[in-house]
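Here is a short tour for a first look. Keep the sequence and the 3D view side by side as you read.

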Amino acid sequence: MTHRRSFLQLSGGAAAAALLKTRPAFAADSCPNIVLIYADDAGYGDLGCYGATSVRTPNLDRLAQGGVRFTDAHSSSATCTPSRYSMLTGEYAWRRKGTGVLPGDARLIIEPRRPTLPGMLQQAGYRTGVVGKWHLGLGAGNVDWNGDIKPGPLEIGFDSAFLMPATGDRVPCVYVKDRRVVGLDPNDPIRVDYTKPFPGEPTGKANPELLKMHPSHGHDMAIVNGVSRIGYMTGGKAALWKDEEMAEAFLNAGTAFLDQNRTRPFFLYFATHDIHVPRLPNPRFAGKTSMGPRGDAIAELDWTVGKLLDHLDLLGLTKNTLVLFSSDNGPVVDDGYKDDAVEKLGGHRPAGPLRGGKYSNFEGGTRIPLLARWPGRIKPGQVSDALVGQQDFFASLADLAGQKLGEEAAPDSFNVLPALLGESRSGREWIVEHARALSMRKGEYKLIEANPGQAVNPNTNTEMGSGAAPQLYRVTEDPGERRDLAAGMPEKVQELAGLLGKVKASPRSRP
Ligand code: NG6
Ligand code: CA
């Protein structure tokens, strides 16, 4: 009822009639609005409500207290693009070639005709919007940043978009609103190249004297806002973003979406740049923590979440809005810039009790924070150890919105709605984790496939979880994956390897 009531209050009876006309067959008035806040590289141990003490996250903690905090939730992958691909399509990214970390000029990797989470919600009558980090490619190859940029989010189920095309550390460093670069001067066209520099343009490699933040590895190409990035670009000067203003730019786009859609069911996918590199939070967060820019970026992330929650309050939408908060992969400390993250880490453990982080096969790679709050339905103050994955949002929210999934849709998405709503403690029985290798988590155990390679990534200092033989851990009692049980438990190894083999061999795993 909340939607209709607030609509009447705002706009009167005539508008209500219009609402009845424009609103498609909508399952029930019990369908909530949905705001999915998706942080970048925020680790299992980075939030106060997950045990962090070197940084305060009062807004995330209040979100956690207002609903369910999950202790065994997973991104589908240990990096960004594949996690986002899986979350929006309900398909494990490792089934598809070309779903690894994308360059900033990559083509859209979600085929416009395939069923998507936002498309499903659109069909259910939701207004859908995406704000923030995209990193799923734009255009059909060789995209011209100076014209209509498509296909993109508008072709795969979003009604509106305000995007950072790829990552903060990849060109082009401009915002895209719907299909156009924001603030672009047509007399200063943008060109992007990931193979060779533009003659005459400075680079981080050749002109380190122009930098306010220096790379520690990679990131020595185009210089934008005093920071060298991955890839080369020229032109578009008036459209270039300022990293320090990005959180606010996204917040404003997010609250504008809420304002515009407050009278109807909406889905807002709000993907922050925080706390990815380059970490340049607004100066007002400088020194908020003792951890330097990485800690301050967590403070900025928390501020963003607080402002979004406040805005829902302001619009009277809190009670009937399901807010989900999660992260696309585990934490990394040095991800390519000299930003004091290593030096100032102190006792903070970005992955909490878990081993590894972003890029790693260990739990730190994909076990991430997940919070769910919906005051109208979810009992507050819960902690749940249900096993759930972000690829499950598709089937679960379809159930919530009264949508039946077609045969083709969301092949790896399980309906874990009762767990998401804190009404059941059982999520899925098993899940595939994806980093360098695949792992099978089932019950108390986790099997990491054999994946020979460096034990530690020398750039990021991540423990990768590599090994010439399969590794078996009893993660319930050994969350830090210290005791490899494979040699003594060949049957368990076989059971999990067999299940993983079956999931790989079949194009879908959804029941
Ligand atoms: C890596 C980048 C890293 C980060 C990552 C993607 C280098 C040396 N490292 O290749 O900085 O951008 O890609 O991160 O270039 S993600 O969160 O979008 O997956
Ligand atoms: Ca990420």
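## Terms and confidence

Helices here are DSSP runs of at least four residues, numbered from the N terminus. This is a predicted model. Mean pLDDT for the protein is 94. Of its residues, 94% reach 70 or more. One stretch stands apart: residues 1-28 have a pLDDT below 50. Beyond near neighbours in sequence, that stretch makes 36 contacts in the model.

## The largest cavity

A search of the whole structure turns up 3 cavities of 30 Å³ or more. The largest cavity has a volume of about 100 Å³. Its lining counts 14 residues. Nearest the centre of the largest cavity lie Met246, Ala247, His273, Asp274 and Glu300.

Helix H5 (246-261) and H6 each give at least two residues to it. H5 has the largest share, with 3 residues. By class, the lining of the largest cavity holds 7 nonpolar, 3 polar and 4 charged residues.

## The second largest cavity

The second largest cavity has a volume of about 50 Å³. Among the residues that line it are Leu102, Pro103, Gly104, His135, Trp145 and Pro165. The lining of the second largest cavity has no charged residues. It divides into 8 nonpolar and 3 polar.

Most peptide bonds are trans, and most residues other than glycine have a negative phi.

Ile275 sits in the loop between strand E11 (266-271) and H6. Pro278 lies in the loop between E11 and H6 too. Asp41 belongs to the loop between strand E1 (33-39) and H2.

## Where H2 meets H6

Helix H2 (residues 58-65) and helix H6 (residues 293-314) have axes that come within 7 Å. The axes cross at roughly 55°. That angle makes H2 oblique to H6. From H2, the contact uses Pro58, Asn59, Leu60, Arg62 and Leu63. From H6, it uses Asp302, Trp303, Val305, Gly306, Leu309, Asp310 and Asp313. By class, the contact of H2 with H6 has 6 nonpolar, 2 polar and 4 charged residues.

## The open pockets

How much space lies in the largest pocket? About 480 Å³. The largest pocket is lined by 22 residues. Val333, Leu345, Pro350, Gly356 and Asn461 lie nearest its centre. The lining of the largest pocket divides into 9 nonpolar, 8 polar and 5 charged residues.

The second largest pocket holds about 270 Å³ of space. Its lining has 17 residues. Nearest the centre of the second largest pocket are Pro115, Thr116, Gly119, Met120 and Gln123. Helix H4 (residues 117-123) brings the largest share of this lining, 4 residues. By class, the lining of the second largest pocket has 7 nonpolar, 7 polar and 3 charged residues.

Terms used. Residues are numbered from 1 along each chain as its sequence is written. Chains are lettered from A and ligands numbered from 1 in the order in which they are written. This is a predicted model: local features need pLDDT of at least 70, side-chain atom pairs count only at pLDDT 80 or more; totals for chains, interfaces and linings use all residues. Side-chain values use heavy atoms; hydrogens and water are left out. On a 1 Å grid over the protein atoms alone, a cavity is a set of points where a 1.4 Å probe fits but cannot get out, and a pocket is an open set with protein on both sides within 12 Å along at least five of seven lines; lining residues have an atom within 4 Å of a point. Grid points are joined across faces, edges and corners, and a volume is the space filled by probe spheres set on the points. Ala, Val, Leu, Ile, Met, Phe, Trp, Tyr, Cys and Pro count as nonpolar, Asp, Glu, Lys and Arg as charged, and the others, Gly among them, as polar. Axes are lines fitted to C-alpha atoms, for helices over the stretch in contact, and angles run from 0 to 180 degrees between N-to-C directions. Angles under 35 degrees count as roughly parallel, over 145 as roughly antiparallel, 65 to 115 as roughly perpendicular and the rest as oblique. Contact means heavy atoms within 4.5 Å. pLDDT is the predictor's confidence in each residue, from 0 to 100.
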